[in-house]
Amino acid sequence: MIFAQEKSRIRFLIYTLMLFVCAVIQATPGMLPVQGVRPLLLIPLLVSIAAEESELCAAVCGMGAGLWWDWSAGGIFGSRAVFLVVCMTGVSLLCRYLFQAKLWNAALLCLIITSLEQAFQVLLAGEWKNFDIYYGLWQTGYTVVWIFLFAPVIRRISHFFELPVE
Amino acid sequence: MKQFFRSGGFKVIVIMLVILGGVCVYSAAATPVTPAEQAIAALAVPLQRQSTALTQTVTGFWNRLFHYGELEENFREVEQERDELKRKLVEYEELKRSNLQLKGILGIKEEHPDYTFEEASIISRDPEWGDNRFTINKGTRQDVQERDMVLVAGGLVGRVEKAGANYAVVTALTDPNFQVGAYDNSTNYLGVVSGNGDSCEIRYLTQEPEEGALIVTSGAGGNCPRGLLIGSVKKSEKQKSGTTYAASLEPVIDLSRLTDVMVLTGFDGQKEEP
């Protein structure tokens, strides 16, 4: 039983490492460009985790990823952390009480959150007049594509390490 | 779902949001760098530096497989030669004006001996901001301060927005929040250069600039020295006021390919921070 609990907690360590790697890759210049557009890797990964885990776990992951993202992107420190805590808590609640945790539901949630995040940052910076909407659309699409990689991986990890039902 | 709102987890999330809200307000209240950012930077800067170096190595290796490395090297040599010629052109116009006005210049300065620089590398760019903002690997420990100008050999690149102990966030001259006093180097008419997201433009010129005219910093305000090349005029038009002109500019360097910069940490006439 004790070993099972330890095994269950290992998945949080794996989530932390994955978030860490994705945050570094996201901020590294020249990584994963397609026609000059780079993806926001943290959002599909966070949505995948939030769909499988509890609300508190989703919020903590959102806060950690958001703070790192705020540091690398500049702007008001803590703004993305607040946004991601609220959104990931919402995703976790939706997947627990309303939606089934399916891949296309996760993709839809990822699409909505990516769009909201872009709009939030543009409004916060007051730069809506200069926002390139085509770049934003391409970036949203490229970001959503990554949910099809992250969601199955997170589901496997979550199920492999979950506590056995007694 | 009601159980969630009564649970301890919900209370923890609310506390987290309150703390994060406080951090946002503290950060927005013109405080340079919060302690939380410093803590993240202590871990993040070395990792981002290694990640960027690895990406550049892999990209360079890939290019060399297709002989793009030779073309890139030739292209860089031509760019350096072009930058040197543009810099000398700016110096020539400045000297010619002073002679005509009989002000006299003591000696001939090819370089600016009063400038102090700190070389830096770009370690991160956020995908959302594209080339308009980036992070460099030098900070207050290396005497890099807020509002220091950031240059390359060809001219101005941007300004330091915030500086931590070992990193700084730079706002490029294409960012809408960037503004600097400038003038047309061939006519000496003053204007203001600001970014527009994709490129930059100069406004409030009282005379229409010629295509290809060089735009340089005016030194107004004391935060930026005079004579730094910003770009060349692409297209000009009358502003809505009807009395002034605006012109779109071609920046001195392609910001998307920028990897190393120089921070101007000091120069004669620099305004001291209060």
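This is a predicted model: local features need pLDDT of at least 70, side-chain atom pairs count only at pLDDT 80 or more; totals for chains, interfaces and linings use all residues.
Leaving aside neighbours within four places in sequence, which residues is A:Met88 in contact with?

Residues are numbered from 1 along each chain as its sequence is written, chains are lettered from A and ligands numbered from 1 in the order in which they are written, and side-chain values use heavy atoms, with hydrogens and water left out.

Now to the opening question. A:Met88 is in contact (heavy atoms within 4.5 Å) with A:Leu46, A:Val47, A:Ala50, A:Ala58, A:Gly62 and A:Ile113. A:Met88 and A:Val47 touch the most other members of the largest nonpolar core, which has 64 residues. Such a core is a set of buried Ala, Val, Leu, Ile, Met, Phe, Trp, Tyr and Cys residues joined through side-chain atoms within 4.5 Å; buried means under 20% relative accessible area, with a 1.4 Å probe and protein chains only. Helix H3 of chain A, residues 55-73, gives the largest share of this core, 10 residues. Another core, of 23 residues, lies apart from it and includes B:Val180 and B:Tyr245.

I turn to the interface. In all, 44 residues of chain B are in contact with 45 residues of chain A. The two chains bury about 3800 Å² between them, 69% of it on carbon and sulfur atoms; this is the accessible area (1.4 Å probe) lost on being put together, summed over both parts. B:Leu20, B:Pro127 and B:Glu128 supply 17% of the area that chain B buries against chain A, more than any other three residues. The count of salt bridges between the chains is 0, a salt bridge being a side-chain nitrogen of Lys or Arg within 4 Å of a carboxyl oxygen of Asp or Glu.

B:Gln48 is placed in helix H3 of chain B, residues 35-65, where helices are DSSP runs of H or I, at least four residues, numbered from the N terminus. B:Gln48 has a relative accessible area of 0% and is therefore buried. Among the residues that B:Gln48 touches are A:Trp68, A:Trp71 and B:Ser124.

Finally, B:Leu258 counts as buried because its relative accessibility is 5%. B:Leu258 and B:Ile122 are 136 residues apart in sequence, yet 7.8 Å apart in space, C-alpha to C-alpha. B:Leu258 also touches B:Phe134 and B:Val157, among others.

Definitions and conventions: Helices (H or I, at least four residues) and strands (E, at least two) are DSSP runs, numbered from the N terminus. Buried means under 20% relative accessible area, exposed over 50%, partly exposed in between (1.4 Å probe, protein chains only).
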